[in-house]
Amino acid sequence: MTAVFSHGRLRLYLLKLLDDGPKHGYELIRLLEERFLGLYAPSAGTIYPRLQRLEVEGLVTHTAVGGRKVYEITDAGRAELRQRADELATLEADISASVEDLAALAGEIRTEVRGSVRDLKRELREVARQTRQGRWTPPTPPPRPAGNGGPPGPAESPLLAEFDQRLAAFTVEVGALVRAGRLSDNQLRTAIRVLDGALDGLRRLLR
């Protein structure tokens, strides 16, 4: 769960969403995901226990519609929202700041990944162009160290060696940026999703 919802604040925000109209659990999850620009989505295991607790406290009630529980705020729930209006306003401001931070982090990582992918595409196109023109041949591979016992490995192009160097440098730099930023768990999950997207892009490129 994102840090902005610590100390029971998610409970308050669920009341706020239900004050806009009755909703089932997955609608609440979708609305929270949209509020965080798709960078955070609570799990069903996070939402439903809180809804059940709110119901026990008399702040929400539910009806069964199409096999789903549709939750609705009660008068007691609205009274709590009125009593905690200042706290809710602070929460909204904190959510806005958190979304800005997450979006900025995602943008930085996407820019870094996009630049690396562009470099890789450019280098692959250059190899393909030189190969078509008959100007590129793989160099003779260096001999393996004595005592290895295996046959020589396949030839490795200079561009492939450069790619290995850039990949190592990219890994080190991203790791340093993430660690220096002291990111929250949610921000780290966002970074992981961005890196997964870059990997999927490379897989499609190299098919």
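User: What does the accessible surface of the protein chain come to?

Analyst: This is a predicted model. The accessible surface of its protein chain is about 13,000 Å², and carbon and sulfur atoms hold 55% of that area.

User: And how many of the residues are buried?

Analyst: The protein chain has 207 residues, of which 30% are buried.

User: Changing topic: what is the secondary structure?

Analyst: The protein chain contains 7 helices and 3 strands. Along the sequence, they follow the order α-β-α-α-β-β-α-α-α-α.

User: Which residues have the most contacts inside the largest nonpolar core?

Analyst: They are Phe 5, Tyr 13, Leu 14, Leu 32, Leu 91 and Ile 95, in a core of 26 residues. At least two core residues come from each of helix H1 (9–19), helix H2 (25–35), helix H3 (44–56), strand E3 (68–73) and helix H5 (85–132). H1 gives the largest share, with 7 residues.

User: What does Tyr 13 touch, leaving aside its neighbours within four places in sequence?

Analyst: Tyr 13 is in contact with Phe 5, Leu 32, Arg 35, Leu 88, Leu 91, Glu 92 and Ile 95.

User: How do H1 and H2 pack, parallel or perpendicular?

Analyst: Their axes lie 11 Å apart at an angle of about 105°, so the two helices are roughly perpendicular to each other.

User: Which residues meet there?

Analyst: From H1, Leu 10, Tyr 13, Leu 14, Leu 17 and Leu 18 meet Leu 28, Leu 31, Leu 32 and Arg 35 of H2. By class, this contact has 8 nonpolar residues, 1 charged residue and no polar residues.

Note on methods: Residues are numbered from 1 along each chain as its sequence is written. This is a predicted model: local features need pLDDT of at least 70, side-chain atom pairs count only at pLDDT 80 or more; totals for chains, interfaces and linings use all residues. Side-chain values use heavy atoms; hydrogens and water are left out. Helices (H or I, at least four residues) and strands (E, at least two) are DSSP runs, numbered from the N terminus. Buried means under 20% relative accessible area, exposed over 50%, partly exposed in between (1.4 Å probe, protein chains only). Accessible areas come from the Shrake-Rupley method with a 1.4 Å probe; for residues, only the protein chains shown count as cover. A nonpolar core is a set of buried Ala, Val, Leu, Ile, Met, Phe, Trp, Tyr and Cys residues joined through side-chain atoms within 4.5 Å. Contact means heavy atoms within 4.5 Å. Axes are lines fitted to C-alpha atoms, for helices over the stretch in contact, and angles run from 0 to 180 degrees between N-to-C directions. Angles under 35 degrees count as roughly parallel, over 145 as roughly antiparallel, 65 to 115 as roughly perpendicular and the rest as oblique. Ala, Val, Leu, Ile, Met, Phe, Trp, Tyr, Cys and Pro count as nonpolar, Asp, Glu, Lys and Arg as charged, and the others, Gly among them, as polar.
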